[in-house]
Amino acid sequence: MFRQCTKLLVLCVFILNIAACGKSLDSQMSQGFSEADTIFNSKPKDSTASSEHLQFYLPNGYKVKTSSDETNIILSKGKGIYSIFINPNESQDSQRFYNAMNKNLKDDIIKEQTYKKNGRFGFASVLKKDNENYEVIASTGGVKVTGLANNNDISKTISELMTIALSVQVKNK
């Protein structure tokens with residue numbers, strides 16, 4: 001009986017240690033928002049990808065999957081699907097995407113942060129999708145990038161999507 005209790009205790013301690021090693025959701029979001037703030041306040045990365053109408057930076061592992069028109073691009077990274085949506089009629093200080101999200105998805109928002117610099121507006125948000133996934137949105141002006149992330153990838157996804165959003169440029173026609 002003592003051995004069984006000891007084994008059970010060791011197993012419980014092991015499980016608690018493993019659980020403690022992963023970052024909490026709040027910690028992941030805070031780190032991601034902090035990184036997004038740094039990215040937003042820095043110079044956009046040089047373009048590494050393009051469509052017929054846009055050019056933008058893609059972090060390692062991201063690929064252009066499709067470009068349905070001049071305002072929508074679907075990206076992939078591993079099994080993940082991400083989308084870039086651009087409204088070329090919006091200015092850099094536009095809050096249209098932010099206001100629409102807060103109006104239509106208010107109950108799903110877990111945490112969000114806004115950014116302002118030199119007449120530009122941006123935001124990053126994490127929304128609840130299901131038990132295992134969260135929707136991450138990063139936006140600046142008339143550009144919005146969205147994708148799904150699990151708890152362990154939220155920080156990285158926030159920073160990658162903000163990097164993409166900040167780099168998007170409309171090609172001259």
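**Pockets and rings**

Guide: In the largest pocket, H4 gives the largest share of the lining, 3 residues. Helices (H or I, at least four residues) and strands (E, at least two) are DSSP runs, numbered from the N terminus. This is a predicted model: local features need pLDDT of at least 70, side-chain atom pairs pLDDT 80 or more, while totals for chains, interfaces and linings use all residues. Residues are numbered from 1 along each chain as its sequence is written, and side-chain values use heavy atoms, without hydrogens and water.

Visitor: Which residues lie nearest the centre of the largest pocket?

Guide: A pocket is an open set of points on a 1 Å grid over the protein atoms alone, where a 1.4 Å probe fits, with protein on both sides within 12 Å along at least five of seven lines; lining residues have an atom within 4 Å of a point. Here, Gln92, Thr140, Gly142, Val143 and Val168 lie nearest the centre, among 18 lining residues.

Visitor: How do I read a pair of rings?

Guide: Use the distance of the centres and the angle of the planes. Rings of Phe, Tyr and Trp (its six-membered ring) pair if their centres lie within 6.5 Å; planes under 30 degrees apart count as stacked, over 60 as edge-to-face and the rest as tilted. The whole structure has 5 aromatic pairs. Tyr62 and Tyr82 have ring centres 5.1 Å apart and planes at 55 degrees, so this pair is tilted.

Visitor: Is Tyr62 buried or exposed?

Guide: Buried means under 20% relative accessible area, exposed over 50%, partly exposed in between (1.4 Å probe, protein chains only). Tyr62 is buried at 6%, and Tyr82 is buried at 7%.
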